[in-house]
Amino acid sequence: MTSVVLVTEELAPAAIEVLTADHEVRSVDGTDRPALLDALQPAEAVIVRSATRIDAEALEAAPHLRVVARAGVGLDNVDIPAATARGVLVVNAPTSNIISAAEQAVALLLTTARHTASASAALKAGHWRRSAYTGVEVYGKTVGVVGLGRIGVLVAQRMAAFGTNLIAYDPYVQPARAAQLGVRLVGLDELIRESDFISVHLPRTPETIGMIGEKELAEAKPGVRIVNAARGGLVDERALADAIAAGRVAGAGLDVFETEPLRSSPLFAFDTVTVTPHLGASTVEAQDKAGLAVARSVRLALRGEFVPDAVNVRAGGALDEDVRQLLPLAEKLGRVFTAVAGGVAARVTVEVRGEVATHDAGVLRLATTKGLFASVVAERVTYVNAPQLAAGRGVEVELATSEDAGGHESLIVVRGALADGRTVAVAGAGAKLVEVDGFELDLPADGVLLFFRYRDRPGVVGRIGTTLGRAGVNIAAMQVARKAAGGEALMTLTVDSSVDPELLATVAAGVRSTSAAAVDLRAA
């Protein structure tokens, strides 16, 4: 059945094309609350911008929802904790507007330096006042960048071309990295005192709200100009208006405000203040990139794959391509482990070995956790709720890394202790299952797998084949592993169809198997 993707605000045509290839795309006015709640009922994905509110009520109205996608950066209109509690993925497009936002900050800085906006308004009103709009050069001035993240870096790079002296405050950036960018890291107090221009590029958090306020503006270099194209509230607007009125601050350029939409402000009274209605992402390019980014994320999410831009998935750092390629294997190993163990383990260690261990492999633990519970709970297991399912059942899933892969390029071992004291281990490399409890294998980790442990003796292979054949189950591949002739053996079969528990028990009883398990990896 085709998944329903609900689009609540305007989306780039190219993004719609990406979605319609595999899904049914429906539209609704996200600001029409009753219509939105009704349209959410069959939706497995919803794509919003800033005007649609996806809160607990909206999530409750969408029983099939798997992903909420914001075609932009901010997520103030999405209740992330409520979505996470329901196992719903929340994604955005964090890099879609960074160039547009950086260019808007630079535009505001230059406009503030040369009074471009106010001079244009005056001339259009019929006033030719050259002397009233004498500005300052940017060349040779000190530009302080508060927040040296992706947008802050782009602003610094662009301002370097103007021959400025660049300083920055960011406690999470190493001095060596800043030096590579031609930026000197300083404390916030020093930046405030030394800067001729200050451009703010931080997220809005309890710690950053009002971080440039009355105290900082009182200590600022006389004649400083302030730019905020990041988030409203980072600069105290009342304190900024007072500082401009007092002559301590020469001007400001603001694209964001503490309350939006903004209809009036004491800042509007000053010709030296340029204000724009949150236009940082308002370019054709940014809108197209945001739409395409979330459309691709929605496709990944609806296929059950890992989404790098998910904001409510605890996966570690940036996803390396070598790590990404192992995600399906990790999830399948989690499924195989639970099947072989016969239930959920109390503690599981995901061992990541080989070259891949040099990267951030946290997402492989997450993928394994998702696999561990896939056949255990009735609800759909996702990258979002897998950690919650583990925590709720008291299961600890740990990650261990080693560069020794024992002859494999990369190896994943899932090892766990069961409540009865047994230890179970399964391992995979590439796309293959290579070990189950010390028995070496070489089988594709795909299809429906059957495992039988028994005492090695003649006739077992034929008996299992005959019983399955009579039940209409075709064997696609088979391997028998043993540690010594006449000792314990493990038979692993790949079959073409599902095997119900009753048939599995019949086969096991027929060969006096000490344990039998089946796992369907076709859906993984």
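Predicted model: local features only at pLDDT ≥ 70, side-chain atom pairs only at ≥ 80, totals over all residues.
Colleague: Left-handed or right-handed crossing?

Modeller: Right-handed, as α5 passes α7.

Colleague: Which residues make the contact?

Modeller: From α5 there are Ile98, Ile99, Ala101, Ala102, Glu103, Ala105, Val106 and Leu109. α7 contributes Arg150, Ile151, Leu154, Val155, Arg158 and Met159. By class, the residues of the contact of α5 with α7 are 11 nonpolar and three charged, with no polar ones.

Colleague: Where is the cis peptide bond?

Modeller: It runs from Glu260 to Pro261, with omega near -5°. Pro261 sits in the loop between β11 (249-254) and β12 (273-275).

Colleague: Back to helices. How do α1 and α12 pack?

Modeller: Helix α1 (residues 13-20) and helix α12 (residues 284-302) have axes 8 Å apart and an angle of about 10° between them. That angle makes α1 roughly parallel to α12.

Colleague: Which residues meet there?

Modeller: On the α1 side, Ala14, Ala15, Val18 and Leu19. They meet Gly291, Leu292, Ala295, Arg296, Val298 and Arg299 in α12. The residues of this contact of α1 with α12 split into seven nonpolar, one polar and two charged.

Colleague: And α17 with α18: what is the crossing angle?

Modeller: Roughly 155°, with the axes of helix α17 (residues 460-470) and helix α18 (residues 501-510) coming within 9 Å. That makes α17 roughly antiparallel to α18. α17 passes α18 in a right-handed crossing.

Colleague: What is in that contact?

Modeller: Arg463, Ile464, Thr467 and Leu468 of α17, against Leu503, Thr506, Val507 and Gly510 of α18. The residues of the contact of α17 with α18 come out as four nonpolar, three polar and one charged.

Colleague: Changing topic. How much space lies in the second largest pocket?

Modeller: About 500 Å³.

Colleague: How many residues line it, and which lie nearest its centre?

Modeller: The second largest pocket is lined by 26 residues. Those nearest its centre are Arg303, Gly304, Glu305, Lys370 and Tyr383.

Colleague: Which helix gives the largest share of the lining?

Modeller: Helix α14 (residues 327-341), with four residues in the lining of the second largest pocket.

Colleague: How does the lining divide by class?

Modeller: The lining of the second largest pocket has 14 nonpolar, nine charged and three polar residues.

Key: Residues numbered from 1 in each chain as written. Heavy atoms only, no water. 1 Å grid on protein atoms, 1.4 Å probe; cavity = no way out; pocket = protein on both sides within 12 Å on 5 of 7 lines; lining within 4 Å. Points joined across faces, edges and corners; volume = space filled by probe spheres on them. Helix = DSSP H or I, 4+ residues; strand = E, 2+ residues; numbered from the N terminus. Nonpolar A, V, L, I, M, F, W, Y, C, P; charged D, E, K, R; others polar. Axes fitted to C-alpha atoms, helices over the stretch in contact; angles between N-to-C directions. Parallel < 35°, antiparallel > 145°, perpendicular 65-115°, else oblique. Left-handed = near helix turned anticlockwise from the far one by under 90°. Contact = heavy atoms within 4.5 Å.
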